[in-house]
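I opened this structure for the first time today. These are my notes on what I looked up.

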Amino acid sequence: MPALVVERADGPSAHPRATGLGFRTLEFFRQAGIADAVEAVAVRRTASLGKISAPTLATADLPDTPPAVPNSPNVAASRHSPTTLRCTCPQDRLDSVLLTAARERGATVAYSTTLVSFGQDGTGVTAVLDGPDGRRSVRADHLVAADGGRSEVRAALGIGTTGPGALGQPLLNILFRADLTPYTKGHHFANCTITTPESPGMLVTVDAGKDWIFHTDLGDEPVDAFPPSRCAALIRAAIGVPDLAVEVLSVLPWRVRGQLADRFRTGRVFLAGDAAHAVPPLGAFGANTGIADAHNLAWKLAAVLDGSAGPALLDTYEAERRPVAALALDQALRRLKDPRLHWDQGAEAAAARAAAGVINAPVVHLGYRYDSAAVLDARPELPSTEDVVLDGTPGSRLPHAWLGTDVSTVDLVGRRLTLLTGPGGEWPRTGDFDVHVVDDEEWLRNTGIADGGAVLVRPDHFIAWRGRPDGLTEAVARILAR
């Protein structure tokens, strides 16, 4: 069904904001057929120093040669996914792809439009909008609020939040263009903490070339107290080059927040993204968790709207996504206390993470598990906090294996439920699910179905059921809340 997206800004933001994409997010893009388009606008990633610190960038003690492999906590997880983390994709570049894809698929995106009010009843939601053509009323089956950490929809619903809330001082996010290659010496890093008293802050890579972000304290001053000339002076001091050529492109105020909505749903209204959970940026958990919210909710809404599932399926959105968001928030907050727990690798780092209750980043991104009515016989506990475990357990993401050169078992999952089994089985066929036979003994053993069983996989790649033919019909009915 067509969707209407309402955005109060007058167009896509030019500010990069989030940049890191996790394996799960890349899998969503692969499933939607836009992975190549995303990679085309992304920033190619080279070997990275991760997080560094220096008085100024010009005085940073950088090694003579780059590291041989990327210093990334995600490298070890690559065997679990058909996607590859070869790049970062700043949000402005990603939005250009998503906007085009949404419109091609029938969505209407209304910029310069504000949600004035909304109300709901047993059959739908009525919203009053203010836009370029004046005020109008629209009617929809559901409302998904992705209106940020200070969500007005969440407040109107009376949904509270838990968590520390605002953290640290208000910050200024300065997007600028400058040639810093003489000072990076051919290196790539995620961010550099600048400690000089003249301009303390954090320098963040956008394209590892000429586009950068500098975060500095805003304090009690208004944003308009930082004109381009002052911003450029702060950047020159942070780099340590008084005559550096700097072009200030954009300035945004922001503040690190840590909060979780008490509920993700009221009736026909759902919260997603920062409206549901504001997660500090270390670990790249925030944006990726928000995108996964949408992926989880989309197939459920589609199934209910086309009549293949009962309305109770929508109850599983909050049941599944809120614990995942709580985990992401908890892990980001723990990393704030000691960022080395995120960046450092090796046995000592693993021991330090265990002592601090920090879960390895790939587990947060890829290894979480669901427990809801849309998963039968779920086991939501994490088998490991250091390694991603994908073993066919209901509630976990389908294990990946290559079937030929470029098709993964994950790619077999379509818009409906998908039954994956080995050769020779006799399974009932209905219009509720697709069937694929996987002739890979190792994968069948690892998934726990080598003895003639099967897994029933949801459109979001999560296993909903594992069993034998006599239990399939009942499983489908329960999963789809019919």
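**Ground rules.** I am working with a predicted model, where local features need pLDDT of at least 70, side-chain atom pairs count only at pLDDT 80 or more, and totals for chains, interfaces and linings use all residues. Residues are numbered from 1 along each chain as its sequence is written, and side-chain values use heavy atoms, with hydrogens and water left out.

**Aromatic pairs.** I looked up the ring pairs and found seven aromatic pairs. Rings of Phe, Tyr and Trp (its six-membered ring) pair if their centres lie within 6.5 Å; planes under 30 degrees apart are stacked, over 60 edge-to-face, and the rest tilted. I took Phe189 and Trp212, whose ring centres are 5.8 Å apart with planes at 35°, so I noted the pair as tilted. Where do the two residues sit? Phe189 is in the loop between helix H5 (181–184) and strand E11 (191–194), and Trp212 is in strand E13 (residues 211–217), so the pair ties together parts 23 residues apart in sequence. Helices here (H or I, at least four residues) and strands (E, at least two) are DSSP runs, numbered from the N terminus.

Are Phe189 and Trp212 buried or exposed? Both are buried. I use buried for under 20% relative accessible area, exposed for over 50% and partly exposed for in between (1.4 Å probe, protein chains only).

Next I checked Tyr368 and Tyr370. Their ring centres are 5.7 Å apart and their planes are at 50°, so this pair is tilted. Tyr368 is buried at 5% relative accessible area. Tyr370 is buried too, at 2%.

I also noted a cluster: ring pairs link Phe264, Phe270 and Tyr317.

**A charge over a ring.** I found the charged end of Arg230 over the ring of Phe226, 3.9 Å from its centre. The test asks for NZ of Lys or CZ of Arg within 6 Å of the ring centre and within 35 degrees of the ring normal.

**Helix packing.** I looked up helix H1 (residues 23–32) against helix H7 (residues 285–305). They pack at an angle of about 40°, with their axes 9 Å apart. Axes are lines fitted to C-alpha atoms, for helices over the stretch in contact, and angles run from 0 to 180 degrees between N-to-C directions. H1 and H7 are therefore oblique to each other. Under 35 degrees counts as roughly parallel, over 145 as roughly antiparallel, 65 to 115 as roughly perpendicular, and the rest as oblique. Which residues make the contact? I listed Arg24, Thr25, Phe28 and Gln31 of H1 with Asn288, Ile291, Ala292 and His295 of H7. Contact means heavy atoms within 4.5 Å.

Then I turned to H7 and helix H8 (residues 315–337). Their axes come within 10 Å and cross at roughly 175°. H7 and H8 are therefore roughly antiparallel. The contact includes Phe285, Thr289 and Ala292 of H7, and Thr316, Tyr317 and Glu320 of H8.

I placed Arg236 in helix H6 (residues 228–239). Arg236 is partly exposed, at 24% relative accessibility. Leaving aside neighbours within four places in sequence, Arg236 contacts Val241, Pro242, Asp243, Leu244 and Val246. I also looked up Glu198: it is 38 residues from Arg236 along the chain, and their C-alpha atoms are separated by 9.9 Å.

Asp211 is in strand E13. Asp211 is buried, at 13% relative accessibility. Not counting residues up to four places away, Asp211 touches Phe176, Arg177, Val206 and Leu249.

Val435 lies in strand E19 (residues 433–437). Val435 is partly exposed, at 22% relative accessible area. Its contacts, leaving aside neighbours within four places in sequence, are Leu419 and Arg429.

**Positive phi.** Most residues other than glycine have a negative phi. I noted Ser112, with phi near 55°. Ser112 is in the loop between strand E5 (108–110) and strand E6 (114–120), and is partly exposed at 31% relative accessibility. Asp377 has a positive phi of about 60°. Asp377 lies in the loop between helix H11 (361–366) and strand E18 (417–421). Is Asp377 buried or exposed? Asp377 counts as exposed, at 65% relative accessibility.
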